[in-house]
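Here is a short briefing on one protein model. Keep the sequence and the 3D view open as you read.

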Amino acid sequence: MSKKIQAIYLWWHKPVVDQELLQSLPNLKVIANSGVGMEHLDLKLVASFGVKMANAPRAVSSSTADTGMALLLASARRLVEGYHVAISSNVEYCEADFLGVEVTGATLGIIGMGSIGYKIALRAKAFEMNILYHNRTQRKEQEEQAVGATYCEKKENLLQQADFVMVVVSLTPQTHKLIGKRELELMKPTATLINISRGAVVDQEALVTALQTGVIRAAALDVTYPEPLPRDHTLLKLKNVIITPHLGIKTDKATYMITEEAVENILAALHGLPMPSEVLPS
């Protein structure tokens, strides 16, 4: 079958695309990825074989933004802790000082203002949040005004002001451990870190220390490194952490839309047409 294969649709990083596979498929024209992140592919290696690549940014932006806001709200109002209190067999009442933090009027700092980050800003505006963002490039003025967002050229300024810091960047060599000990110490002791990008964007050992010592209030993570974490990992034992198993794009509608977007890109490549979501090696 190797000479007949012209396209690969990657689902959850499978199949593994390496030099051996590329050499075995002489007529391969395109690889379509089920999601935005492309860190599992050697883009330059794939391109060297004359193979085009595409991701699915349009399909996943809304569902991922919803996940980010869900984690923010769950952490702020201590929903997971509250659930365990509510179902506990020996609880007669809820402690009066079981307090969360207010979301309305709080400051949200978004690191990474692409399509997902912008949809998070739209949702946060509905919660009357003050929105700061840091991005490689500043958004157009009308886009900022539409969500009431203020650009921070330096992420340090955002970290010092935000009550909630949401990380929404792609994993690249430049963003590996983007949030480390220094960045966590710049955050307010009352602040919450939310990561919906990739686990390796945050220095997890530094995060553990920050959560244990009160450097920051809490964290809500849809991604870790590795996934899943070892069952004895300290993050799994801390009460001020919510961890979900990379649920970002996992809705029935998003899954369908991802497949549609992949097929659209594959057909475009096979017919020599511009690919809507082509990814080029940097």
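Tyr-151 is partly exposed, with a relative accessible area of 21%. Here buried means under 20% relative accessible area, exposed means over 50%, and partly exposed lies in between (1.4 Å probe, protein chains only). This is a predicted model: local features need pLDDT of at least 70, side-chain atom pairs count only at pLDDT 80 or more, and totals for chains, interfaces and linings use all residues. Residues are numbered from 1 along each chain as its sequence is written, and side-chain values use heavy atoms, with hydrogens and water left out.

**Aromatic rings**

- Rings of Phe, Tyr and Trp (its six-membered ring) pair if their centres lie within 6.5 Å; planes under 30 degrees apart are stacked, over 60 edge-to-face, and the rest tilted.
- The count by this rule is 2 aromatic pairs.
- Tyr-133 and Tyr-151 make a tilted pair, 5.2 Å centre to centre with 50 degrees between the planes.
- Tyr-133 lies in strand β5 (residues 130–134) and Tyr-151 in strand β6 (residues 149–151), so the pair ties together parts 18 residues apart in sequence.
- Helices (H or I, at least four residues) and strands (E, at least two) are DSSP runs, numbered from the N terminus.
- Tyr-133 is buried, at 0% relative accessible area.

**Nonpolar cores**

- A nonpolar core is a set of buried Ala, Val, Leu, Ile, Met, Phe, Trp, Tyr and Cys residues joined through side-chain atoms within 4.5 Å.
- The largest one has 29 residues, and Leu-184, Leu-193, Leu-207 and Leu-235 touch the most other members.
- Helix α9 gives this core its largest share, 5 residues.
- A second, separate core of 28 residues includes Met-69, Val-103, Met-113 and Ile-120.
- In soluble globular proteins, nonpolar side chains tend to be buried together.

**Salt bridges**

- A salt bridge is a side-chain nitrogen of Lys or Arg within 4 Å of a carboxyl oxygen of Asp or Glu.
- The whole structure holds 10 salt bridges.
- Arg-198 bridges to Glu-39, with the closest N and O atoms 2.7 Å apart.
- Arg-198 is in the loop between β8 (192–195) and α9, and Glu-39 is in the loop between β2 (30–33) and α2 (43–48), so the pair ties together parts 159 residues apart in sequence.
- Glu-185 bridges to Lys-181, with the closest N and O atoms 2.8 Å apart.
- Both sit in helix α8 (residues 181–186), and being 4 residues apart, Glu-185 and Lys-181 are separated by about one helical turn.
- Lys-181 is exposed, at 55%, while Glu-185 is partly exposed, at 47%.
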